[in-house]
Each structure stands twice: as structure tokens, then as C-alpha cells.
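Subject: Structure handover

Hello,

Here is the structure I promised to pass on. Please open it first, then read my notes below.

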Amino acid sequence: AAMMVSLAACGKKAQESGGQNEPSVEDDNKKGDADKTPEVTEKEDVKIAALKGPTALGMLKMIHDSEEGNTPDNYEFTLAGSADEILGSIIQGQFDIAAVPTNVAAILYNKTQGAVQLAALNTLGVLYVVETGDSVNSISDLAGKTIYSLGKGSTPEYALKYLLTKNGLDPEKDVTVEYKSEATEVAALMANGEASIALLPQPFVTSLKLQNENVRVALNVTEEWNKVGEGSTLTMGCIVVQKKFAEEHPEALKRFMEAYEASVEFTNGADTLETAAQYAEDLGIIAKKAVAAKAIPECNIVFKAGDEMKTIAGGFLQVMYDADPSSVGGTLPDDAFYYNAK
């Protein structure tokens, strides 16, 4: 009897020991799962709009890479000649991300009750007053003159009005401003001599000077702004995002921001300037590579996000609001306007 009890005990221990040393079916399943290749996450479809001009130059590499199928997500780009062409579509949510004038971002935020947010700044001051002649050497010299300009309802209009007012001129009485829908129209008028004074951004200034040797830069609007801007920074262009897209696809937005920052570095890089200029010509953003190569370094292309974006944009929009509330949509945007900023 004692031997039988002993043998039984030994058998039980052997069984327990065998259970610890031999892999179970469950362990085999876990091992099999670990050996499986992780599933590849599907790319998101992202619709992006930009304007032909400085606000699109930071996207040159992204657009080119998208055409090559070499982007983190499926980017579909739309390039427009003026902000008016895409604003309605942004309000309706047809674009997930867009590059627009900075004050227009505030207007969109107010019009959509917060459905559009500011994600990054992409262009600082790029405006110039140009003329064929030598009559304008200060803002006050614009009194009694006719100025051709782009950007009615966006940053160029309000920046010009602000500078005129700060220099003692009434924008409605002391000057005449003829607005055109696109910078190319204004540049054409200057090139053929139909206009003698214009407000234009880069790269159109560089292109115009190559077409008409009599055109000169009379005023650097950024420098004039710094004289009276109360410490703010003239901020021309930005990136906006649909709040719904940011909430539902935060990783896709993060990938976009990373790709965009890299694209800005590419556009501004000395070693990649010639390639960026070629991309600008290929995409019809700047007519000729030679012009693009000269203009891009003057276009003040940047990538400012988070708290830095909020500080710069907030100061600029405050000045705009104080000068004319309608320039930012009637109400200064609150903190929810700024994506990913404290």
C-alpha cells in the first residue's frame, strides 16, 4: 500500500512537471500571433487646397512626392488662383486642410462657429509696393495715387489700410485702390505699363522686375509694418484644418505636419533651391524656374506651430481686429482657434 501511494505521488509530480516544461496549445497560439507580421495601416485620403503663390511654396516637395505616390497618406492637392475660389469649399468641409491668408483663417473660424482651426503659420511678410518711377519713398507719398492690388478681403487689403491709417492717410479718401482677383492680373498691368503703382507679394515682384526693367521696389511692407505694428509680426499665410478631421484623424494630421515641415526645409534649403524652383515651374506656381530660384529666398516661407504660432498669430490678429474688426470676421478668435497650442 505504501509503495502504491508513493508511485501515485511520483506520477502526479511528473505530470505537473511535464505541464511546466512542455508548451501548451495556448502558448503555441501566442507564439504564432507574435510571429505574424503586423497589419499595415491603410493610408488616409486627405484633400488639401492652397493658393498659387507664397502660401503654396512650402508644399512643393509634398505635392511632387504625392504625384510620385511617396507620401505618408493619399494627398489630393487643389491649387487656386485666389482665396475666393476655395473659401466656400472650406466652409462646406470639402477640404480637410488648406493654405490661406492668415486673417482669412480667423474669418473661417468665425463663419464656421469653430469648425476650422489654425494649424501652422507658413508665410510671414512678403508684400511690396512697386512702381514705375520714383515718386513713392514713404507711405505718405501714396496720397492721391492709384494703387493696384490683389487680396480684397484678405491680408493685403487690411495690411495696406492699416499702414495708410497709421501714417495719417484715410484709405477711403486719400488713395484709390483697384483690386484684382489674382496677383498675375496686377503684375500684367504693371508689366505692360497700364498701372504705375501696385501692391504685390513675392514671387510676383521678382517676376515683374524681370519683365519690366523700369519697375522698382518702392516700399517693403514688412519694414513699414515693423515701424507701426506695435511689436506684432506681419503674417501673410497659414495652414488651417477642419476640427473634425483633427479630432477623427490625429495621426494623419501629425504625419501631415511632419511632412509639411520637411517640405518647408526643402523649399528653403540652399542645396535644394534649384530643385524646388523646378517643382514650382512644373506645378505652375511660378512661371519660370529662373524666376523661382531668385524669388523663393525672398518669400519668407516658415513653419510655425504650437505656442510659437499662437503668439505670432495672436499679436497680428489683435492689431488687425483693433484696426478693423471685419478683418478677422468681427470677433477675435479665442484659444480654441489654435490647434495644439496651450
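Does F337 count as buried or exposed, and at what relative accessibility? F337 counts as buried, because its relative accessibility is 1%. Buried means under 20% relative accessible area, exposed over 50%, and partly exposed in between, with a 1.4 Å probe and protein chains only.

Some ground rules. This is a predicted model, so local features need pLDDT of at least 70 and side-chain atom pairs count only at pLDDT 80 or more, while totals for chains, interfaces and linings use all residues. Residues are numbered from 1 along each chain as its sequence is written, and side-chain values use heavy atoms, leaving out hydrogens and water.

Aromatic pairs

The whole structure has nine aromatic pairs. Rings of Phe, Tyr and Trp (its six-membered ring) pair if their centres lie within 6.5 Å; planes under 30 degrees apart are stacked, over 60 edge-to-face, the rest tilted. Y109 and F337 have ring centres 5.1 Å apart and planes at 65°, so this pair is edge-to-face. Y109 sits in helix α6 (residues 102-111) and F337 in the segment after α15 (306-323), so the pair ties together parts 228 residues apart in sequence. Helices (H or I, at least four residues) and strands (E, at least two) are DSSP runs, numbered from the N terminus. Y109 counts as buried, at 9% relative accessibility. F337 also forms an edge-to-face pair with Y338, at 4.9 Å centre to centre and 70° between the planes. Y338 is buried, as is F337. Elsewhere, Y75, F77, F256, Y260 and F303 make up one aromatic cluster.

The sheet

Five strands form an open sheet with mixed pairing, in the order β7-β6-β8-β5-β9. Strands pair if DSSP finds at least two bridges between them. β7 (176-180) and β9 (215-220) are at the edges, each with a single partner strand, so one side of each has no neighbour in the sheet. Strands β6 (residues 146-150) and β8 (residues 197-201) run parallel, joined by two bridges. S149 stands opposite L199 in β8.

Best wishes
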